[in-house]
Amino acid sequence: MRKEAVVLATVTTVAVVAVLVRQYSLKKQGQWKQTQRILRKFARESATPVPKLWEVANALVSDMQASLVSQEETSTLNMLVSYAASLPKGDEKGLYYGLNLRGTNFLILCARLGGRNEPISDLYGKEISIPTNVLSGTSQELFDYIAVELATFVSEHPPDDTLDAPEREKKLGFTVSYLVDQAAASSDSAIKWKSFSANDTVEKAFINDIINRALEKHGLKFRVFSLVDDTVGNLARGRYYNNGIVASVTLAMGSNAAYVEPNEAVPKWQGPMPSSNLGELAMTEFDSSLDSESSNPGCRIFEKLTSAMYLGEIVRRVLLKMAQETALFGDVVPPKLATPYQLRSPDMAAMHQDTSEDHGVVGEKLKENLGITNSTPMVREVVAEVCDIVAERGARLAGAGIVGIIKKLGRIESRKSVVTVEGGLYEHYRVFRNYLHSSVWEMLGSDHSDNVVIEHSHGGSGAGAGTVFLAACQNTKSS
């Protein structure tokens, strides 16, 4: 009897274990199916077929036209007029200086332009941090500090050896690489510094009364004629090399574009801004939550879908939902996965472009950035798919934006247009770049796709490099 009882108990134990294993297996299958449902729903809502892309491009053209005729700020698209009266023609010669102002530092550059088909020489640059007390002071104190550093820089580098150099007033290209309320500041505009904590809003005659006065005060024979966004500087750099360039696009931590409009396209209408047409942008619940939790909800939606600042964050939010609802990374949600902006876009790109069979790079990045150490090849494949969906949508929307600009200029059907693109997202994220190019080709088709050429900005990446080219072409009409 005792032996029979032992045998019976053993059989019972095996049966219980088998039931538990089967229940666990069924649970995991259910969780995996739910993971796939979330993935498919996200892919479906993020889809950007050609008709959708044309909706975006046409809406962008409409918003561009509306914004040009209104001086009222809009949350969706602001057309900031940059008061640069001319762009380089490629035959400019001489030693020129430029300054690029960022949030907490600035870059000073000088370069000797040799003219058409001649190399650039004497290229020097210096990045300078702005002290905390200057950042918290007035704009006059800020530009006094910049003028002192510029004087030091000029004294340390090759002199201008042209005959009239000592007496001639030199032009200083000036760009900004961070957001301001009005990045396009002329002598009759004010700038509200968003990235500074300066307590004053610079009023009229900003350039003459603040910047140029500081330069004169510190013995510098320089004059600033216009203060523009860095993307305008990139356009100037592109024009120096190729007069066929019609627009410059920045795809980096932010998204921006610059192109040339004739004066008559910018009327002085003071009426209210018409409602935006740039509405349906293939947004999902993850984009909506990102926007609502941002510092500027309802604003810059296009940028939040296309720029490096946000792409990695969108991926993180999708993975977080999968972790919470399907235990994708185990029964406990990894704490770092719940931390906003923990996943950067460069790491997203590395995971997305991992071509190894077991997605080993994906596993390394998950461990490094999110503290996930137990991912399986199947899980890593899901992560790569999420990255692909986010990157494809962002790149295709960016492509639609480029087509929108070309359409606004009326150049799609009859004239060849070159667009330069600047920024790490385009330069280093190969798959993103390929998706962008393919979207433009799909939209324009074989009949017109050859009319639009997209190329990486001449001279490589680097915010502020266009300032010297601005200096080479500016004149008193610019202000």
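A hairpin of three residues joins strand β1 to strand β2, and these two strands, residues 93-101 and 105-114, pair in the antiparallel sense over nine bridges. Strands are DSSP runs (E, at least two residues) and helices are DSSP runs (H or I, at least four residues), numbered from the N terminus, and two strands pair if DSSP finds at least two bridges between them. The model is predicted, so local features need pLDDT of at least 70 and side-chain atom pairs count only at pLDDT 80 or more, while totals for chains, interfaces and linings use all residues. Residues are numbered from 1 along each chain as its sequence is written, and side-chain values use heavy atoms, with hydrogens and water left out.

**Strand pairing**
- Six residues lie between β2 and β3 in their hairpin, where Gly115 in the turn has a positive phi of about 90 degrees.

**Burial of β2**
- Because nine of its ten residues are buried, β2 is largely enclosed by the rest of the structure; buried means under 20% relative accessible area, exposed over 50%, and partly exposed in between (1.4 Å probe, protein chains only).

**Helix α6**
- Tyr241 is found in helix α6 (residues 230-241) and is partly exposed, with a relative accessible area of 41%.
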